Amino acid sequence: MINKIVSSAAEAVREIHDGAVVMVGGFGAAGSPIELIHALIDQGAKDLTIISNNTGSGHVGLAALIENRQVAKTICSFPRTANSKVFPELYHAGEIELELVPQGTLAERIRAGGAGIPAFYTPASVNTPLAIGKESRVFNGQEYVLEYGIKADYALVKAETADRYGNLLYHATARNFGPIMCTASKVAIVQTKKVIEPGQIDPETVITPGIFVQKVIEINNPADESQLVEDEMSYPW
Amino acid sequence: MVNTDLKIGWSRAEMAQKVALDIPDGSYVNLGIGIPEMVADFVPEGRELIYQTENGLLGMGPVPEEGKGDRELVNAGKKYVTAIPGAAYFHHADSFGMIRGGHIDICVLGAMQVSKKGDLANWSTGAKNSVPAVGGAMDLVAGVKRIFVITQHVTKHGDPKIVDACSFPLTGKKVVECVYTNLAILDIKKEGLFVREMGPNVDFDYLQELTGTKLNQYVKTQV
């Protein structure tokens, strides 16, 4: 029998090792898998490489993971937001590495990684500082830069609905990086608001087919990250 | 003597309105963060535009009533928005497929500098003390069919933003089609930078003085 449901967030992240490459879904607070991130803080794995669009806000979620000094490197498109304090401080102190990637290139690198495509050419960043040192090639008179697909050991993703096979539905713009991160990681760990029986998700509407998901943890009432930031909360509580 | 009561140029809302007038009916449009977002408020009656926000929504609607926002329904500026009937959600690779693949008709962006050749700098001043952040700007200028820029004509310090060559790191080279400032609308052509329209109480010499590159006037043809 296939059953990807695990009983706790702690169990879901237990095997994440020091030095692991971890993709973290979310665009700001929307889709941020905050309970899984907090479980990873409790678990304590270090020297992580985090692949995520942002670097978190306030002192919860991704920002708290960075603040807890578990992250050596981030691969990211927009590592600051209105309330990001933790990352800028460590960055200026030279204590965290940043690989800055255009947002669409980041998405396509993840998609390619999950689809077995080692590299691709994109027009984004041509003639800019972000193309320096990268191979380029001209197709039909236009220049493109070579970018590499990326894979991860783990992905932490937030979904709305799942079944025990790992089929997923998302909510609104919380979908963002979730589906592609599930495809590009060896172990995709998903927190979902509800788990329903196989067959209850219409196969026509499945967004992430279960083959891309390894672990599912049901978290009915996930914390509201924006609210926690507004309330100036810090994790660990 | 300078009459300080005299209104010179356009307000931000008027600038946004000028942009909105130039977006054809039926366009798929991506609006950048800041002044570009205001463009949506001025779409002329009878035109239907579909807004894409690169974090994963086609068919973005207006800002919800205070307190009624869905925490997971946001735009690229991470502000709460709504979805119109007929909207679609998608993941980031699909979103940037729309952008890079040339499916979006117009993108309206802010700018730090625009060069006479249409080079755009809008993501970094190159200052060592800032955390570099790029977001989707480079993908947008590389893939969207037409790039409009909306910006103040000069910086807060009075330095020209329309220049011969950008001194800040580029977002893209030769990508901007026209620039809407508080003083004028400028078209970027192979032959140079042309003034399409000037704001209230702006004359050509004044405009040229506040511009860091040579401006050209269209030759009026006699009817």
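Two strands are said to pair if DSSP finds at least two bridges between them. Helices (H or I, at least four residues) and strands (E, at least two) are DSSP runs, numbered from the N terminus. The model described here is predicted: local features need pLDDT of at least 70, side-chain atom pairs count only at pLDDT 80 or more, and totals for chains, interfaces and linings use all residues. Residues are numbered from 1 along each chain as its sequence is written, while chains are lettered from A and ligands numbered from 1 in the order in which they are written.

In chain B, strand β1 (residues 28-31) and strand β2 (residues 50-53) run parallel and are joined by 3 bridges. Within this pair, Val29(B) lies opposite Tyr51(B) of β2(B). Both strands belong to an open sheet of 10 strands with mixed pairing, ordered β4-β3-β2-β1-β5-β8-β10-β11-β12-β13 (chain B). Helix α1 (residues 12-21) of chain B lies across β5 (106-109), β8 (146-150), β10 (176-180) and β11 (184-189) of chain B, and runs at about 165° to β8(B).

Chain B as a whole contains 5 helices and 13 strands. Its radius of gyration is 18 Å, close to the 17 Å that the globule rule gives for 223 residues, so chain B is as compact as a globular protein of that length. This radius is taken over C-alpha atoms, and the globule rule is 2.2 Å times the number of residues to the power 0.38. Along the principal axes, the C-alpha atoms of chain B fill a box of roughly 55 × 45 × 35 Å. Of the 223 residues in chain B, 43% are buried. A residue is buried if 20 or more other C-beta atoms lie within 10 Å of its own, exposed if 12 or fewer, and partly exposed in between, with C-beta atoms placed from the backbone. Two residues are in contact if their C-beta atoms, placed in this way from the backbone, lie within 7 Å. Among contacts in chain B between residues at least 6 apart in sequence, 62% join residues at least 24 apart.

Chain A has 7 helices and 12 strands. A compact globule of 237 residues would have a radius of gyration near 18 Å, and the 18 Å of chain A agrees with this. Buried residues account for 54% of the 237 residues of chain A. Helix α2 (residues 34-43) of chain A is mostly covered, with 7 of its 10 residues buried. The elements that cover these buried residues include α3 (61-67), β9 (152-162) and β11 (185-195) of chain A. Just after α2(A), Gly44(A) takes a positive phi of about 95°.

An open, antiparallel sheet in chain A consists of 3 strands in the order β6-β8-β7. Its edges are β6 (119-122) and β7 (136-139) of chain A, each with a single partner strand, so one side of each is left without a neighbour in the sheet. The twist from one strand to the next averages 40°. Strand β8 (residues 142-148) of chain A is joined to β6(A) by 4 bridges, and Val145(A) in β8(A) is the bridge partner of Thr122(A). Helix α5(A) packs on the sheet and touches β6 and β8 of chain A, its direction making about 155° with that of β6(A).

The two chains also meet: 42 residues of chain A are in contact with 32 residues of chain B. On the side of chain A that touches chain B, the largest share, 6 residues, comes from α5(A). The residues of this side divide into 21 nonpolar, 16 polar and 5 charged. Here Ala, Val, Leu, Ile, Met, Phe, Trp, Tyr, Cys and Pro count as nonpolar, Asp, Glu, Lys and Arg as charged, and the others, Gly among them, as polar.

Notes
Axes fitted to C-alpha atoms, helices over the stretch in contact; angles between N-to-C directions.
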